[in-house]
Amino acid sequence: MPVITCPDCGRDVSTLATACPHCGRPSPAGMTPIAGAPGPARKEETLWQGTPSMALLAGHAAGIVLVLVAVPLLTRFFASTMPDYRAAGMVRVGWFATAALLVIQFAALLIAWIRLRSTMYRVTNQRVIVEQGVFSKRVDEIDLRYIDDSTFTQSLVERILGIGSVTLMSSDTNTPRYGLRSIRDPRGVRELIRAQAYQASQRQIFTRAT
C-alpha cells in the first residue's frame, strides 16, 4: 500500500486515508485530485456559424452590368459604320445578343447563389461541421481534438471584400483537410478554432445530441 509522510508529525500515512491517524491533519493525498482524471463532460454549444460570403456574387453582377453597357455600345458603333439598310439589322442583332447574354448571366448568378446558400459552416466547442448540397445533403465534420494545424488565406480581391478561407489540417487519415471557403473574418474564425482545439485536447469528455 503506498504511503506518504505527514507534514506535521512526520509519520507514514496511507494515501487512501483522508486524515493522518496520528495527529489528525487532513491528508494531502486525500485532498489532491487524481492526475490525468478527465474533467466533466462538456455539452456541445455552437460558437460560430456562417456561409460563404455573398460578396462572391459581385463578379456575376459586374458581368450583367458589362453586358448591358458594352454590347449595346459596340452594336451602335459598328452600326454607325454601315449603310442605313444594314445598320437597322445590326442593331436588332445587338439587342438579341444582349438578351441572350443576360439570360446566361442571370442563370449563372442564380446557380452561384443557390450553391452559396446550400453551404453551411458551424463551429462548436467540440467540432467543425460542413454541410453541403442542393438536392441531396452531405455533412462532414472534424473533431477539434484531431486538429493539428490551421491556416487562412486571402487574395487581393478577397482582402478588399473582407473575406478569406480557413484550412484545417487533421490527424484523421480519412479526411486530413477541411476548408471553410470565402467566409467573413477568416482570421477571427481561425483563432476561435485554435483556442477551442487547444481546450478540447485537454482530455475532456464530450456529450453530443447527434
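Reader: In the hairpin of E6 and E7, which residue takes a positive phi?
Author: The hairpin of E6 and E7 has five residues between the strands, where strands (E, at least two residues) and helices (H or I, at least four) are DSSP runs numbered from the N terminus. This is a predicted model, in which local features need pLDDT of at least 70 and side-chain atom pairs count only at pLDDT 80 or more, while totals for chains, interfaces and linings use all residues. Residues are numbered from 1 along each chain as its sequence is written, and side-chain values use heavy atoms, leaving out hydrogens and water. The residue with positive phi, near 135°, is Gly133.

Reader: Happy to start there! What is the strand order of the open sheet?
Author: The sheet has four strands with antiparallel pairing; two strands pair if DSSP finds at least two bridges between them. Its edge strands, each pairing on one side only, are E4 (46–50) and E7 (138–143). The order is E4-E5-E6-E7.

Reader: At about what angle does helix H5 run to E4?
Author: H5 covers residues 186–200 and lies across E4, E5 and E6 (127–132). Axes are lines fitted to C-alpha atoms, for helices over the stretch in contact (heavy atoms within 4.5 Å), with angles from 0 to 180 degrees between N-to-C directions. For H5 and E4 the angle is about 150°.

Reader: Why does Trp113 count as partly exposed?
Author: Trp113 lies in helix H3 (residues 84–117) and belongs to a nonpolar surface patch of about 630 Å², along with Met54, Leu110, Ile114, Val134 and Phe135. Areas come from the Shrake-Rupley method with a 1.4 Å probe, and for residues only the protein chains shown count as cover. Buried means under 20%, exposed over 50% and partly exposed in between, so Trp113 counts as partly exposed because its relative accessibility is 41%.

Definitions and conventions. Patch = residues over 30% accessible without salt bridge, like charges linked within 9 Å, V, L, I, M, F, W, Y side chains within 5 Å. Salt bridge = Lys/Arg side-chain N within 4 Å of Asp/Glu carboxyl O. Buried < 20%, exposed > 50% of the residue type's maximum accessible area, 1.4 Å probe, protein only.
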